[in-house]
Amino acid sequence: MQISERETKVLEVLADHYDAEGNCLFFKTIGKLSGIEPDLVRRVTRSLARKGLAEYVRGLFDDEGMVAGSGYCCTRLGKETFDNLVK
């Protein structure tokens, strides 16, 4: 499976926030942490999801406990793939 440079940056952010409980991030947060332009974050993240490396999750909550929308989290395969890339 080929992973582009942008996908690697987004996967790094998602893998850094990976945990068994599914720590998910909004597109805005992924963009800020990865340094990728906001208009590309959605496309890159969805590409990772099609490859099984990220997962779409609805019903995320903000810091105040209010429902704030949806986002993406790293799958176990995504975490393993990223770990293998940095070895």
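Residues are numbered from 1 along each chain as its sequence is written, and side-chain values use heavy atoms, with hydrogens and water left out. Since this is a predicted model, local features need pLDDT of at least 70 and side-chain atom pairs count only at pLDDT 80 or more, while totals for chains, interfaces and linings use all residues. Helices here are DSSP runs of H or I with at least four residues, strands are runs of E with at least two, and both are numbered from the N terminus.

Let's start with helix 3, residues 38-50. How far apart should its ends be? For its 13 residues, at 1.5 Å a residue, the span should be 18 Å, and the end C-alpha atoms sit 19 Å apart, which agrees.

Which residues of helix 3 are buried? Leu40, Val41, Val44, Thr45, Ser47 and Leu48. By buried I mean under 20% relative accessible area; exposed is over 50%, and partly exposed is in between, with a 1.4 Å probe and protein chains only. Look down the axis of helix 3 and those buried residues fall within an arc of 155 degrees, so they line one face. That arc is taken from the directions from the helix axis to the C-beta atoms. Remember that an α-helix has 3.6 residues a turn, so residues three or four places apart point the same way.

On the face turned away, helix 3 carries exposed Asp39, Arg43 and Arg50. The buried side is covered by, among others, helix 1 (5-16), helix 2 (27-34), strand 1 (54-61) and strand 2 (67-74). After helix 3 comes Gly52, with a positive phi near 85 degrees.

Now helix 2. Its buried residues are Phe27, Ile30, Gly31 and Ser34. Down the axis of helix 2 they fall within an arc of 100 degrees, so again they line one face. Lys28 and Lys32 are exposed on the other side. The buried residues of helix 2 pack against helix 1, helix 3 and strand 2. Just after helix 2, Gly35 also has a positive phi, of about 80 degrees.

Zoom in on Ile30, in helix 2. Ile30 counts as buried, at 0% relative accessibility. What does Ile30 touch, leaving aside neighbours within four places in sequence? Val10, Val13, Leu14, Leu25, Val41, Thr45 and Tyr72, where contact means heavy atoms within 4.5 Å.

So how do the helices cross? Helix 1 and helix 2 pack at about 110 degrees, axes 9 Å apart. That makes helix 1 roughly perpendicular to helix 2, a label for angles of 65 to 115 degrees; under 35 is roughly parallel, over 145 roughly antiparallel, and the rest oblique. The axes are lines fitted to C-alpha atoms over the stretch in contact, with angles from 0 to 180 degrees between N-to-C directions. At this crossing, Lys9, Val10, Val13 and Leu14 in helix 1 meet Ile30, Leu33 and Ser34 in helix 2.

Last one: the axes of helix 1 and helix 3 come within 9 Å and cross at roughly 85 degrees. Helix 1 is therefore roughly perpendicular to helix 3. Arg6, Glu7, Val10 and Leu11 of helix 1 make that contact with Leu40, Val44, Thr45, Ser47 and Leu48 of helix 3.

Conventions:
Expected span 1.5 Å × (residues − 1).
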